[in-house]
Amino acid sequence: MQREEGRRKKNNSTFLSYQSQCPMPHAPIPMPHALRGPMPNYRLPITNYQLSMTIEIQPSINVKTAIESRRAARSFKPDPIPPAILAEILRLGVRSPSGYNLQPWRFIVLQDPASKQKLKACAFDQRQVVEAPVVLICCGDRRAASPENTEAVIELGKATGAMNDNLAGYMRQAIPQLFENRPCFDSLEAWTNRHTMLAVAHLMIAAKSFGVDSCPMEGFVSAKVKEAFQIPEEVDVCCLLPLGYAAEPFKQYGGRFDVTQVYYSESYGQALSVEI
């Protein structure tokens, strides 16, 4: 049992421990609100009528449904996001792709009402910023291109067993060349924004899979946000992301262009024939 528990923690699974005193060993166990629904895997040791349950947090919505049902919430309920669910959303968000694993994304997590009021003043007084229980200031750090960050990534790879000397040598040579020549981006800001928004997309889908709504926002004054939250000069604010539970019905879905209008075959503008 102890070895199994250690292995689960090593795999970065998120757990919620729930204990209840019961007069009888078979008394019903009240479930936390966030865990109602399909029962996840659990272990239930019983000792002297002390019930201790360790429950692995599992999403309640599958990926396809989460993608299709995700909408931008314009107003939020004051209901808090359970800490275990928030932690899992944040963990899954940074599992997004990253070139050379440089991970330039950085997030400021706002939960204090005073902090959210300060952000509202930088975001044209939009109500989502103060209504949502959690707001992320999503940033891209241009210093991810530095040799120091490259070495940190190499050390991370060694710790996980994914890095060897040959790969480390290649990264030390290739990464400076990438940022010197910039063959696929015009500026470091464009590169960090690209990666950060991949993480933002992961965050929104991960959140929706747990029934948590979001609202990606680009309506803010970047310079004001940076000043208000002591964001370094080398760090760019990519977007704001309120998270919580929608207080109002979503507006009618505006639709998306047909896949034949946005996907091309073999070269730009060539019609794609596909059945979906």
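This is a predicted model: local features need pLDDT of at least 70, side-chain atom pairs count only at pLDDT 80 or more; totals for chains, interfaces and linings use all residues.
View 1. Because the two residues stand three apart in helix α6, about one helical turn separates Glu155 from Lys158. Glu155 is partly exposed, its relative accessible area being 44%, and Lys158 is likewise partly exposed, with a value of 40%.

**View 2. A salt bridge between Asp236 and Arg142.** The side chains of Asp236 and Arg142 are joined by a salt bridge of 2.8 Å, N to O. Asp236 belongs to strand β8 while Arg142 sits in the loop between β6 (134-141) and α6 (147-160), so the pair ties together parts that lie 94 residues apart in sequence. Asp236 is buried, at 9% relative accessible area, whereas Arg142 counts as partly exposed, at 24%.

View 3. Asp213 forms a salt bridge with Lys208, and the closest N and O atoms of the two are 2.7 Å apart. Both of these residues, Asp213 and Lys208, are buried. The structure holds nine salt bridges.

**View 4. A nonpolar patch on the surface.** Phe257, Val262 and Tyr263 form a nonpolar surface patch, and together they have about 370 Å² of accessible area. Phe257 lies in the loop between β8 (235-244) and α10 (259-262), and with a relative accessibility of 64% Phe257 counts as exposed.

Notes: Residues are numbered from 1 along each chain as its sequence is written. Side-chain values use heavy atoms; hydrogens and water are left out. Patches are made of residues with over 30% relative accessible area and no salt bridge: like charges are joined within 9 Å, nonpolar side chains (Val, Leu, Ile, Met, Phe, Trp, Tyr) within 5 Å. Accessible areas come from the Shrake-Rupley method with a 1.4 Å probe; for residues, only the protein chains shown count as cover. A salt bridge is a side-chain nitrogen of Lys or Arg within 4 Å of a carboxyl oxygen of Asp or Glu. Helices (H or I, at least four residues) and strands (E, at least two) are DSSP runs, numbered from the N terminus. Buried means under 20% relative accessible area, exposed over 50%, partly exposed in between (1.4 Å probe, protein chains only).
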